[in-house]
Protein chains: 2
Amino acid sequence: MKIVTVSREFGSGGRELGKRLADQLGFAYYDREIITAIAEKSQFHEDYVENVLNQGAFTHFPITYGHTFTYPSPLQQNATKILVAQEEIIRELGAKGKDCVIVGRSADVILAEYDPLNLFVYAEKEAKMRRCRQRAPEGEQLTDRELERRIKQVDNSRARYRQLLTSKRWGRKESYHLMINTTDLSIKEMTPWIAEFARHWFERDGK
Amino acid sequence: MKIVTVSREFGSGGRELGKRLADQLGFAYYDREIITAIAEKSQFHEDYVENVLNQGAFTHFPITYGHTFTYPSPLQQNATKILVAQEEIIRELGAKGKDCVIVGRSADVILAEYDPLNLFVYAEKEAKMRRCRQRAPEGEQLTDRELERRIKQVDNSRARYRQLLTSKRWGRKESYHLMINTTDLSIKEMTPWIAEFARHWFERDGK
């Protein structure tokens with residue numbers, strides 16, 4: 001089984017890359033079905049699950065959560081439930097044994113036993129802000145400063161969730177096989193090239 | 001003018017990649033001529049220059065060198081001369097205006113004004129140790145522990161030299177356009193693929 005995980009900074013185009021890569025490689029791309037499965041497992045509405053996961057509700061967790069006597073807020077309790085359900089779903093997807101691409105969700109850590117190809121996608125701040133503005137829902141009018149804060153918040157949330165699962169830090173090279181800076185690059189044009197790397201990587205000597 | 005810089009962890013195959021990449025792209029590859037030019041400029045013997053640069057003599061510099069009143073040792077004074085000469089040579093190479101590949105020497109920082117493609121090559125510890133053993137001069141018999149220490153020492157020296165030139169840290173993604181983990185990969189097989197990325201990168205939208 002071949003698994004590609006795509007970790008990414010918010011606004012760097014990692015999600016688009018993941019989708020295109022799955023297409024190009026003929027691998028399954030898991031996204032919406034993860035949300036649906038979490039909703040079923042955790043008994044929350046899909047929209048709520050998506051909101052908690054995407055909006056970085058996890059940002060507000062104290063870093064020592066689990067080691068202190070502070071009682072978690074209802075939002076924190078819900079977020080925990082959702083994250084636990086997500087981890088189970090990701091494990092189940094791995095157990096399915098199908099070649100696939102998974103974006104985010106610390107799948108690289110959760111599925112480490114399957115020896116996945118782990119990509120990290122990032123970009124310069126200005127490039128991420130441009131990308132966020134291009135795909136913003138109509139009517140969303142954040143100032144530069146608000147958008148910048150939002151990007152930081154989401155990335156921070158991703159990094160902190162990861163810290164619950166592993167000591168290997170989010171965005172540090174040790175965790176990844178290839179790190180791609182997408183500043184000024186077209187994801188569409190880059191995809192065939194990354195697919196080529198993936199094919200090469202899955203056939204490497206060490207396998 | 002197109003410049004590719006290759007920064008690399010000791011033992012990760014970055015030098016081999018740089019040479020092969022220059023071949024493939026039809027770019028100049030500067031290596032021996034840098035040593036020769038430094039020797040001329042600094043009035044040291046080429047072997048000594050090479051030794052100081054490769055053996056990580058810089059490791060022994062106090063990190064605050066230049067800000068303290070400690071008088072530098074003769075070795076430190078020589079190393080400083082050599083590093084200053086190296087920086088000048090790299091600038092002169094940039095001013096030549098020829099498409100080229102430069103491995104190491106913080107060329108990514110020194111030539112930043114030319115908007116180079118900056119690659120970083122790294123690998124897992126075991127892979128680097130294997131590679132070092134394969135290319136060790138005959139008769140060199142380091143224990144695992146000695147070799148591990150040597151790898152750390154050289155990388156540390158590279159990171160510290162860089163810190164004199166920039167606040168952007170060695171080996172952190174912010175400084176690079178592509179970071180490649182060569183563990184279990186063949187540099188030779190990977191080169192055409194990276195050359196392809198380079199061609200794509202030099203034609204990117206933002207240029």
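I superposed the copies by least squares on the C-alpha atoms of residues with pLDDT of at least 70 in both. The model is predicted: local features need pLDDT of at least 70, side-chain atom pairs count only at pLDDT 80 or more, and totals for chains, interfaces and linings use all residues. Residues are numbered from 1 along each chain as its sequence is written, chains are lettered from A in the order in which they are written, and side-chain values use heavy atoms, without hydrogens and water.

**Symmetry**

I laid chain A on chain B: a turn of 180° and a shift of 0.0 Å along the axis give an RMSD of 0.0 Å. That is the relation of a two-fold axis. I then looked for the C-alpha of chain A nearest the axis and found that of M179(A), at 2.5 Å.

**Interface**

I counted contacts (heavy atoms within 4.5 Å). Chain A gives 26 residues and chain B gives 26 residues. The copies meet through the same surface, because 100% of the interface residues of chain A are also interface residues in chain B.

Next I took the buried area, the accessible area (1.4 Å probe) that two parts lose on being put together, summed over both. Between chain A and chain B it is about 2,300 Å², with 58% from carbon and sulfur atoms. On the chain A side, K173(A), W193(A) and H200(A) lose the most area to chain B, together 28% of what that side buries.

**Salt bridges**

My rule was a side-chain nitrogen of Lys or Arg within 4 Å of a carboxyl oxygen of Asp or Glu. Two salt bridges run between chain A and chain B. K173(B) pairs with E9(A) at 3.7 Å, N to O. Within chain A, E50(A) and R32(A) bring their closest N and O atoms to 3.1 Å. This pair links helix α3 (residues 46–54), which holds E50(A), to helix α2 (residues 32–42), which holds R32(A), 18 residues apart. Helices are DSSP runs (H or I, at least four residues), numbered from the N terminus.

**Helix pair in chain B**

I fitted axes as lines to C-alpha atoms over the stretch in contact, with angles from 0 to 180 degrees between N-to-C directions. Helix α6(B) (residues 125–134) and helix α7(B) (residues 144–165) come within 10 Å and cross at roughly 100°. That makes α6(B) roughly perpendicular to α7(B) (65 to 115 degrees). Among the residues that meet are K125(B) and R133(B) in α6(B), and D144(B) and D155(B) in α7(B).

Methods: Helices (H or I, at least four residues) and strands (E, at least two) are DSSP runs, numbered from the N terminus. Angles under 35 degrees count as roughly parallel, over 145 as roughly antiparallel, 65 to 115 as roughly perpendicular and the rest as oblique.
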